Every structure is written in structure tokens, then in C-alpha cells.
Amino acid sequence: MRNSKYYPWVVVGLLWFVALLNYLDRQMLSTMQSSMQMDIRELAIAENFGRIMGIFLLIYGLMSPIAGIIADRVNRKWLIVGSLFVWSAVTWGMGYAETYSQVYWLRALMGVSEALYLPTGLAMIADFHSSKTRSLAIGIHMSGLYTGQALGGFGATIAANYSWQTVFHWFGIVGIIYSVLLIFILFDKEGHAGTKTSRLNVDPQKTPVKKASVLSSFGLILGTLSFWIMLFYFMAPSFPGWATKNWLPTLFSENLGVEMAKAGPMATISIAIASFFGVLIGGPLSDKWVQKNIRGRIYTSVIGLTLTIPSLILLGYGHSYVGLIGAAVLFGIGFGMFDTNNMPILCQIIPQKLRATAYGIMNMMGVFAGYIVTLMLGSSTDAGNLGADFSKLSIVVLVAVVLMLIFVKPKPELTYNQEN
């Protein structure tokens, strides 16, 4: 099966479900606070619950570059299988937690295991797909994250009918079983570090290529000007991106004057569906455009990110259903077009053997941006300025768009053989 011409798309399908579980398992806790606090009373205190959510973000962010370094040096199949098994086991174990301390440390362990996945999975998909299909493949995979995020909200619904322990047990067992199945059907790209082919295909007359050290790898990545611009370009939308995840339901509730039970699904589902359509637009457009213009992926991504600028303003000051839902849809489409092109653009500025490391650095900074904006908008909510401060995030996005167009210089991609 691994030699089939369709296997690159099989990989996308297999990892789509992993991506879904990645976001679903982390999202469920936030929706079941009210159910869990009946048994673990410390969770009724917002500050305590915030610490649990915060430790995940902190460890997830710090682990992302380390995950990338590992993914560039080992067989990525086993890294994906191992990380999925561990975070699923953590999810299953969460159903047996009886104290606040147990929940806290399980959440910390989930941050470690989940951080190993995204740089690894994206780098694998990028290797399996050429420039003709890469953005679409990455985008379809990212839609798994959106789906997991949306489905995570139903954890509270299941918990209301059964128990919060049952929710964690069920989804944990599903992930454990799926990780075992992946052992037999998921394979890494031939030629990547840790694969049999990369060892068997070595020409005995050639001097073996010495692997770059961690410091030299970071030196090469951080010594590339385009990467620094790309890093800021990735961080800038992370501010509104995390803001919509954590504060958009509150904004909908305040601006529309409706209860959270109605505002929450309205906000999250509209953005999730719109992001999926953004992927379907931005993926094929980028893959076709780059065949004619080496900056085609950049232009597609910039178009998408530009759409988020007016949407943020409308989200901040809108007070009607049409205005707010329309703004959320516009943001989702634009963010989807942006999200599906980050790794493909990275492939044009960073050598193939360092892509996971580079994406890990980007992912870390994006998560830290989310952590900062979550705290900032919390203060804004208390001060009654959530809408106005939400709209101000559009300024950061505009600066990122301008810098991206001016300074990033994409190059033709290099394969492993060309790099060596």
C-alpha cells in the first residue's frame, strides 16, 4: 500500500483523524468544568481552572521546538504513534482523576505528548506531496483540527447524559486503539531519517553526510531573514486566532445580549465551517498559482489574512446577528486560506531536513502569542473593552501582511538528495 500512487492521500486521511483527536482531547476539559467541579471542588475556582489550562499552553509551547528537532532526526511514524498513544492514555486516565493535583499533572503530560504531533505530522505530509498538491493536503489535514475543536464542545453534552469520567474514558480508548492501528498502516516517507530506505540507498562510494548538530540547525534557521518575517507573520494571526477560540463566545454573548449556551455554538461552529471552506479555496488556488509564480503561495496566504482585518473590526463593533456571524465567517475563510499555506511557504525558505524544527519554533511562538492575548482580553472583558480591543488586533495583522509581501524571498524547494 505504501508504494501506491494514492498513498500520499492515505497519509492525509490517516493523520486527519489524529489531528481531530489532538484538538478534541485538549478541548474537552474546557467544556466540562461545571461537571468536574461537582467531584473536584478546586475546579470551581476560576483561578485554579486557569492554572490547569495555562500549564498545558506553557508546556506545549516550550516543547514544540524540541518536537521539531526530534521529528527531523527520527522515523516520524513512531513519533506520531507514540505521541497519540500517550495523550490518549492521559485522556483515559483523566477519567480516574480524583484530585486537583492529578488533573494538573495529567494536563501537563498532555502538553508534552500533544506538542510532539503537529510539527511531525505537517512535515510528513509536506514530504509526501509535491508543490502541485501540498497546500491542499496540508489544508485538509488542518480541517481535522477545526473539526476536533468544534466537536470538543459536545463533551459537556455527553457528560450531562452520562458522566465526565465516561467522556474521558471513551475518547481515550478510541485514541489508544487508533494508535495501534497506525502501527500497521502508517509509514514515513522513504528517504527521511530513521527509514530503512534512507539507509539502504546510501551509495557506498560516497562519504556519509554528517547530520547537522542542534546548534547548527538553529543557526541555519535563525540566520535566514525570511524565516524571521515568517515567524512574525505566523504569530500575528495567532493573536486573533486564539482570541476567537477563547473569547469569541463571550463577545457574541455581550454584543448580542444572548446567553452563553446559545452564543458559544454560534461562534465556534460558524468559524470552524468557514475555515474548512477557506482551506478548500486557499489550498487549490495556492497549488496552481505557485506553478506559474514562485510567490503564489505567499499571495494566496496574504489574500486570506487580509480578509481577517475587516472581520476583526466587525467582530469588535458589530451588534447584530448578521454582522457578527458574517464577520466570523469572513474570519474563518481568511484564516483557513492562511493556515493551509504556512508549512508550504516554509518549504520554500527552509531546507527539507529542518522543516519540522522550523515549524516547531513557529508553533511555540504562536502558542505564546495565544497565551498573552488570552490574558490581555481577560482584563479587557473585566474593563468592558473586549470589543474595542478585539478590533485592535487587526493592526498587528496588517503589519504582518506588509512585511510578508516586502521581505520574504521564496526559493525553489530542495529534496533530501539535493541538500546532501
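Student: Which residues does Phe390 touch, not counting residues up to four places away in sequence?

Tutor: In this predicted model, Phe390 touches Ala243, Thr244, Trp247, Leu248, Leu251, Leu312, Leu315, Gly316 and Leu377, with residues up to four places away in sequence left out of the list. Together with Phe252, Phe390 has the most contacts inside the largest nonpolar core, a set of 119 residues. Of this core, the largest share, 16 residues, comes from α12.

Student: What makes Leu386 count as buried or exposed?

Tutor: Buried means under 20% relative accessible area, and Leu386, at 1% relative accessibility, therefore counts as buried. Leu386 is found in helix α18, and, leaving aside its neighbours within four places in sequence, Leu386 is in contact with Trp247, Thr250, Leu251, Glu254, Leu377, Ser380 and Thr381. One of these, Thr250, is 136 residues away from Leu386 in sequence, while the two C-alpha atoms are 8.9 Å apart in space.

Student: Why is Phe407 given its accessibility class?

Tutor: The class between buried, under 20%, and exposed, over 50%, is called partly exposed, and Phe407, with a relative accessible area of 38%, is therefore partly exposed. Phe407 also has its place in helix α18.

Student: Which residues make the nonpolar surface patch?

Tutor: The patch, of about 720 Å², is made by Leu222, Leu225, Trp228, Leu398, Val402, Leu405, Ile406 and Phe407. Two helices, α12 (225–256) and α18 (386–407), each supply at least two of its residues, and the largest share, 5 residues, comes from α18.

Student: Is Thr308 buried or exposed, and why?

Tutor: With a relative accessible area of 1%, Thr308 falls under the 20% limit and is therefore buried. Thr308 has its place in helix α14 (residues 296–317), where Thr308 touches Phe331, Gly334, Phe335 and Val397, not counting residues up to four places away in sequence.

Student: What makes the pair Asp188 and Arg76 a salt bridge?

Tutor: The rule asks for a side-chain nitrogen of Lys or Arg within 4 Å of a carboxyl oxygen of Asp or Glu, and the side chains of Asp188 and Arg76 meet at 2.8 Å, N to O, so the pair is called a salt bridge. Asp188 lies in the loop between α9 (164–185) and α10 (196–200) and Arg76 in helix α4 (residues 76–94), so the pair ties together parts that are 112 residues apart in sequence. Asp188, at 4% relative accessibility, counts as buried, and Arg76 is buried with a relative accessible area of 1%.

Student: How many salt bridges does the count come to?

Tutor: By this rule the count comes to 6 salt bridges. One of them joins the side chains of Asp127 and Arg355 at 3.4 Å, N to O, and this pair links distant parts of the chain, with Asp127 in helix α6 (residues 117–128) and Arg355 in helix α17 (residues 355–383), 228 residues apart. Both Asp127 and Arg355 are buried.

Student: Which residues are linked in a network of salt bridges?

Tutor: The network links Arg76, Asp127, Asp188 and Arg355.

Note on methods:
Residues are numbered from 1 along each chain as its sequence is written. This is a predicted model: local features need pLDDT of at least 70, side-chain atom pairs count only at pLDDT 80 or more; totals for chains, interfaces and linings use all residues. Side-chain values use heavy atoms; hydrogens and water are left out. Patches are made of residues with over 30% relative accessible area and no salt bridge: like charges are joined within 9 Å, nonpolar side chains (Val, Leu, Ile, Met, Phe, Trp, Tyr) within 5 Å. Accessible areas come from the Shrake-Rupley method with a 1.4 Å probe; for residues, only the protein chains shown count as cover. Helices (H or I, at least four residues) and strands (E, at least two) are DSSP runs, numbered from the N terminus. Buried means under 20% relative accessible area, exposed over 50%, partly exposed in between (1.4 Å probe, protein chains only). Contact means heavy atoms within 4.5 Å. A nonpolar core is a set of buried Ala, Val, Leu, Ile, Met, Phe, Trp, Tyr and Cys residues joined through side-chain atoms within 4.5 Å.
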